Amino acid sequence: MKKQWTSIALGVVTAIGGFLDAGTIATSGEAGAKFGLGLVWIVLVATVAIILLVEMVGRFTAVSKKTYAEAIREDFGFRFYLLPLASEVIAESILLAAELGGISIALSLFTGISWHILFPFVALFIWIIVWRASFNVIENGPALLGLVTLSFLAAIVALGGIPAHLLPTLWHPSFQHGTVADYLYLVAATLGATISPYMLYFYSSGAREEHWTGASLLLNRVTAIVGMSFGSMGSLALLVLAAIVLQPLNISASTLGELGIAMAKPFGIVGSLLFATVLFATCLGAALEVVLAVSYNIAQGFGWEWGENKKPAEAARFNLVMTIFLLIAVAIGLTGIDPLQLALLASTIISLFLPISLSPFLILMNDPQYLGKKTNRRFTNIAMVCILVLAFLVALVSLPLEIITGGG
Amino acid sequence: MWQKAGTCIGLLLLLSILAGCTVTESAFARTTGNAGSAFAAAMTTLAYEHEGKLTYAFAVSSFADFQSELTGTDQALLAQGAANTRTGRQLLALYTPAMQVIDAPCLSNACDWRAQDALLQRASQAFLEAGNT
Amino acid sequence: MLDPRDEVFSIRDILDSQLLTSDGRRIGRVADIEAEVRADDSLVLLYLVAGPQALAGRVNTRLRDLFRFFLRDRFDHRIPLSEVTKFGPTLHLRGNAKDYAVGQSDRWIAEHILRWIPGGR
C-alpha cells in the first residue's frame, strides 16, 4: 500500500516536470509578455488535452501490453507507420535542439559562459545519461528538481497577485505588443508544446519498462490528472509573471534569459537563479524524454531489442539510433538559432502534424482487440477530435504567416 | 464547450479586422518592434545588475543574447529603405551608440552605467514608437 | 475441409508482426512473405522475409530495386514458416536468437561499433 502511494507521488512529480520544457516555457513567456492573459484559455484547453492523452496512453499500454509504436506498425502496416515516424523525426529533432539549447542557456545564466560553447558539452552529458542510466534515474532525477517551478507561484504572490487591469485581457487580449498573426502562432505553438506526441511514445514505453498491468490504472489516472494540472499551474504562473512584469517594460520575451527578469523583480538574484534552475531541470528532463521517445519509436517500429534497463550491447541498434539522433539535434543546434525561436518553431510544426501523430492513437483507443472493455468513452473521443482539428487549422494558418513576415 | 471556443476565436478575428487591426505587420514594423523590445530588455538587465537583482554572470549571458539578436538590425532597416525617411535616419543614428553599449555594457562601478541606461532607453522608445505608427 | 484444430489467419496477422525467439529476444519484424503456388492450385506460405529490401518493397517496387542495387541481398533474410510455434501480433520462433540470420546486425554493431565507446559492453 505504501509502495503504491510512493509510486503515485513519483508519477505526479514526473508529470509536473514533464509539462514544462523549452517549448512551454517559451510559449508561456511570450504569451504573457505580448498578450497579457489573452492566451490563458488555450493553455487550459491544451491541459485538458494532455490529461486525456496521458491517461489514454497509460491505459492502452497497461491493458494491451503493447507500446504505441508497436501498435501502429502491427495494426496499420509499415507504409502507414512511416508517416507518424517521419513527422516525429522531423519535429523532435528540432525540439531536441531547442531543449539542449535551453539547458545550455540555463548553464550560461549561471556561469556567464556563452551558450554556444556549452552546447556540445550539454549534448555529451545527455548522451552519457541515456547511454548508461537506468529508466528510474532518468524519470525521477530531473523531475524532483523541477519542483522548483512552484517558486513562480510564490513570485506572483510577492508581486501582489494579478492586477485588476490585466483581468479583461483574459477574454480580450491587447494587440499592442503583437499582431493577430503572432497570436495565432502562439495558439498553435502552445498546443504543440503541450500536446507533444513524444510524451505518448515515452510514457507507453516507460509503462512497459516498469511492467504496468491493468492494476496500475489508478496510478495512471492520478498521475495524469494531478500531475499535469500542477504542471499546467507552473506554465500559467510563468505566463502571469510575464504579463505582470515584462509587458509594462515593453519586453517581449523573445529570448529565454529575459524571462529571468520576471523572477528577479520580486526575488532579486535568488529569483533569477530559481528561474535558471527551472529552465535547467525541465529542459534536461524533456531532452532525455525526447531522445528516448524517438529511439523507442524507431526500435519498436522495426522490431529491434530496446530498453534503458538493458546494457547498450544488448540493444545495439536502439542505442546506435539514440546516438545518431542526438548528433542530428546537435547539428541543428550548432546553426546558432536562438533556442526559444527553435522551441516555438518545433512546437508549431508539432501542432501541424498532430492529426498524423494522434489519429492512429484515437483509432487504437477504440479497438476492443487491444483494450477489451476499457475503450474510450464518447466524450473523450469528441474532445480529442475537436482539439486535433483546432491545432491543425491554427497551425496551417499561422505557420505560413509567420514565415512570410519573418518569424516571431 | 469546444464549439464555444471555436466561436470565440471566430468572433475575435472578426472584431480585430473590424477594429482596423492588421493581421500581420510590415517588415519594418516587425524589425523596429523586436529591436525596441530587445533594447528595453537590455536596459532593464543593466539596471537590475547594478541594483543587485541579477548576478554579473547572468547579465553577461543576457547581453550576449541581446547582441546576437540586435546585430544586423541596421542592415535590415537599410534594406527596408530606412535611409529615405526621417524616422529611419533617426533610428539608424540611435542604433550605433546603443549597439556599442550592447557590445560592451558597463557591469561594474568603474564606468557610467546610468548614461548607458539612458541611451538604451532612448533607443528603445524610438524603435517602439516607430513600430507602432 | 477445415480441421477444428486449424486456425484461420489473414496475411495481416503475420505481416509486420514481431519476431520473438525462444530465448526471449526480439530480432525484427516480418517485412514480407514468400509463397508458392503448388500443382494443385493451392497457395502455400513458405518463408517470412525480413530486411531493408523487403521493407522498401512494401513502399514501392522501384524503391526495392534501388535498395537491391546497393545492398545486393546481403541484409535480407528468410525464415521458414515451419519455425513459427505461435502466431499473433508476436510470432514465437522455435530457435534461439543465434539460430537466425535476422537480427544479427545487433551483434555486429555491438562488436564493431559500440565496443569502441566507453561503457558499450
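This is a friendly conversation about a predicted model and the terms used to describe it.

Analyst: Residues are numbered from 1 along each chain as its sequence is written, and chains are lettered from A in the order in which they are written. In this predicted model local features need pLDDT of at least 70 and side-chain atom pairs count only at pLDDT 80 or more, while totals for chains, interfaces and linings use all residues.

User: What makes the ends of helix 12 of chain A fall short of a straight helix?

Analyst: A helix here is a DSSP run of H or I with at least four residues, and a strand is a run of E with at least two, numbered from the N terminus. The expected span is 1.5 Å times one less than the number of residues. Helix 12 (residues 256-302) has 47 residues, which would reach 69 Å if straight, but its end C-alpha atoms are only 38 Å apart. Helix 12 of chain A also bends by about 150° at Phe267(A); a bend is the angle between axes fitted to the seven residues ending at a residue and the seven starting there. Just after the helix, Gly303(A) takes a positive phi of about 80°.

User: Why is helix 12 of chain A called largely enclosed?

Analyst: A residue is buried if 20 or more other C-beta atoms, placed from the backbone, lie within 10 Å of its own, exposed if 12 or fewer, and partly exposed in between. In helix 12 of chain A, 42 of the 47 residues are buried, so the rest of the structure largely encloses it.

User: Why is helix 2 of chain A called roughly antiparallel to helix 12 of chain A?

Analyst: Helix 2 (residues 22-35) packs against helix 12 of chain A at an angle of about 150°, with axes 9 Å apart. Angles under 35 degrees count as roughly parallel, over 145 as roughly antiparallel, 65 to 115 as roughly perpendicular and the rest as oblique. The packing angle therefore makes the two helices roughly antiparallel.

User: Which residues of helix 2 of chain A meet helix 12 of chain A?

Analyst: Two residues are in contact if their C-beta atoms, placed from the backbone, lie within 7 Å. Ala22(A), Ile25(A) and Gly29(A) of helix 2 meet residues of helix 12 including Leu256(A), Leu279(A) and Ala286(A). The contact has 7 nonpolar, 2 polar and no charged residues. Ala, Val, Leu, Ile, Met, Phe, Trp, Tyr, Cys and Pro count as nonpolar, Asp, Glu, Lys and Arg as charged, and the others, Gly among them, as polar.

User: Which chains share the most contacts?

Analyst: Of the 2 pairs of chains in contact, chains A and B share the most. Their contact takes 31 residues from chain A and 34 residues from chain B. Helix 12 of chain A gives the most to the chain A side, with 8 residues. That side has 15 nonpolar, 15 polar and 1 charged residues.

User: Where does chain C make contact?

Analyst: On chain C, 23 residues are in contact with 18 residues of chain A. Helix 4 of chain C gives the largest share of the chain C side, 4 residues. No contact joins chains B and C, whose closest C-alpha atoms lie 33 Å apart.

User: Is Gln53(C) buried or exposed?

Analyst: Gln53(C) lies in helix 2 of chain C. Gln53(C) has 24 other C-beta atoms within 10 Å, so Gln53(C) is buried. Among the residues that Gln53(C) touches are Arg64(C), Phe67(C) and Leu71(C), not counting residues up to four places away in sequence.

Terms used
Axes are lines fitted to C-alpha atoms, for helices over the stretch in contact, and angles run from 0 to 180 degrees between N-to-C directions.
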